[in-house]
Amino acid sequence: MPLKKISNKMPLNKNTRQILFWIITFLLFITLYHNFKNLETVKQIPYSEFKQKLKSKKIIKVVVSPNLIKGEMQDSGMDVKFRTLPLPDSKLIEDMEASGIKSFSGEPDRSWVISLLLNVGWIFLFIFLWWFLFLRQSQMGGKGAMSFGRSRAKEQDLKKQKITFKDVAGCDETKEELSDIVDYLKNPKKYKQLGGVLPKGMLLFGPPGTGKTLLARAVAGEAQVPFYTSSGSEFVEMFVGVGASRVRDLFEKAKKNAPAIIFVDELDAVGRRRFAGIGGGHDEREQTLNQLLVELDGFEGNENVILIGATNRPDVLDPALLRPGRFDRRINVPAPDIMGREEILKVHAKKIKLSPDIDLGIIARRTPGFVGADLANIINESAIFAARKNKKFVEMEDIEESIERVIAGPQRKTRIISEKERKVIAFHEAGHALIAKLLPHTDPVHKISIVPRGPALGYTLQLPVEDKYLTTKSEIINKLSILLGGRAAEEIVFDEITTGAQDDLSKVTNYAQKMVLEFGMSEKIGLITLRKDESEVFLGRDIAKQPGYSNEMAKNVDDEIKRIVSECYVKAKEMLTDERHLLNSLAEKLLEKEILESDEIDLIVNGNAAA
Ligand code: ADP
Ligand code: ZN
């Protein structure tokens, strides 16, 4: 939740603290200044000198207290302050009267408490100052020194926990997967009776803004249990041990109020693979991670605490976190497809006044690649635009304006795809899928999607019917044609090619190399294995560097790889040109629905073919 985080982590609190800091510094300087001034100008004199000055009428003012006499006197023509330690002197008052001092008075001695405070006060002041300086660096936005090692998890009040699955749209499968957790939290007895064990930790992964936090919150709302939220980055503090103690505290709190849900956003901030990355281990993070693992292993199902983690980088998580009994259930929260986007828009549109003629379906179609947070943002912005124009309802033009704003906005992390690019992607994926459907000995096409996911702009998912341990030559050849089908479709339809096929091409190269170098599937090269080690050989010419292979052999290998690939490409192009109408209908349907399941694909390919 990148947008919300900033405001969460730096509450008003920080400003107040800064102001306080400066006030205290100011006071400190004033006090210091006064003290030094006093030290400088108050003249310490012996009692004898005081008595002499008294006699010579040089004393102007005297304040007497049991342990000190201070006042003002004339000294070489100037008025100066003096102080002196009094001696037992019964004639002091008489002498002062005789001297004609206009003002003399007494003052009670400072009690030892006050003196102590005055002296020790300095120490306190310094500690205070240090405390502010120290806190400013180490825990921006914390609640104060007292809660330093405590978890800053915010516990949402049960009554306030109104978010339910209704508020999360467009991810029905995810909700389904989470619903048994809700059921478990509601009646744990039912499950315990049967001896069932539910996962203690669940990991929601997906791009930012797809509603992971919202889902976790909704689980708590549905089950009516307390919800503790915190973020991985909060655990990674400057000081070793603080994060770990926060984790401990967080679990303690949750257990006390069980059944409860603990939500840890940005789990990758603590859960990163250990010993990975530049600089090696990060002590603090590692301690925190270890504590998290200890806590996860520690509660035994009967605690009724469920930990939900969220990350958009499941790939960098430490494998220890994903082991059984820890975050062993992983749930994908993908970017929404066109239908999902419409559902999300509907949820958020309820909060504003929309002009009745607005079709949210059209907006959903205009926003490929947008995630829930973007869509919520669009609706909100459009209401602001409309209000600025003093309208009674939000109209289409306001929404258009805010879509443009979001597209241009700097905060977007997810990808926005133009209409033209979307078309290219649709034909590319349709190309893969159609060849897979038309060729024999291929895995069935399970799904085609043009909803961007991670670095991929679209994907065609083929699932094998059964596990296979041997692959035939024609199967590999067909696989190459399928992989090249994307690029072929682009060339046929747009007469131009894009960079989108890069991943396909690297796979193609890899397969073709293996055919020649490892599988002995090239007649020209013959039944030999040329590759010694996965890491050693990448291209034919590399073979020449190894002893025992000639330059000619290297050239033959390269030629063979090239021949196989170009034959497959030609074949793919021919097939797609012949079945251009199928390619068109597949791509069009994809543009309309963004995700096609196997039965829909069958209907287009086989339905049309039969006719
Ligand atoms: P994440 O945690 O995945 O980064 P959030 O849960 O913080 O995303 O989502 C941010 C906001 O976006 C939510 O508060 C909500 O308003 C909106 N949002 C995201 N996904 C959805 C969804 N599926 N349905 C409704 N609103 C959503
Ligand atoms: Zn492709």
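## Ligand 1

In this predicted model, a polar backbone atom of Ala169 lies 2.8 Å from a nitrogen atom of ligand 1. The side chain of Thr213 has a polar atom 2.5 Å from an oxygen atom of the ligand. An N or O atom in the side chain of His348 is 2.7 Å from a nitrogen atom of ligand 1.

There are 16 residues around ligand 1, each with a heavy atom within 4 Å of it. Ala169, Gly209, Lys212, Thr213 and His348 come nearest.

## Helices α13 and α15

His348 also takes part in a contact between helices (heavy atoms within 4.5 Å). Arg341, Ile344, Leu345, His348 and Ala349 of α13 meet Gly372, Leu375, Ala376 and Ile379 of α15. By class, these are 6 nonpolar, 2 polar and 1 charged residues.

Helix α13 covers residues 338-349 and helix α15 residues 372-388; their axes are 9 Å apart, at an angle of about 45°. Axes are lines fitted to C-alpha atoms over the stretch in contact, with angles running from 0 to 180 degrees between N-to-C directions.

## Helices α3 and α4

Helix α3 (residues 47-55) and helix α4 (residues 92-99) have axes that come within 9 Å and cross at roughly 40°. Tyr47, Phe50, Lys51 and Leu54 in α3 meet Leu92, Asp95, Met96 and Ser99 in α4. This contact divides into 5 nonpolar, 1 polar and 2 charged residues.

## Basis of the values

Residues are numbered from 1 along each chain as its sequence is written, and chains are lettered from A and ligands numbered from 1 in the order in which they are written. Local features need pLDDT of at least 70, side-chain atom pairs count only at pLDDT 80 or more, and totals for chains, interfaces and linings use all residues, while side-chain values use heavy atoms, leaving out hydrogens and water.

Technical notes. Helix = DSSP H or I, 4+ residues; strand = E, 2+ residues; numbered from the N terminus. Nonpolar A, V, L, I, M, F, W, Y, C, P; charged D, E, K, R; others polar. Polar contact = N/O pair within 3.5 Å; in protein donor to acceptor, adjacent residues only side chain to side chain.
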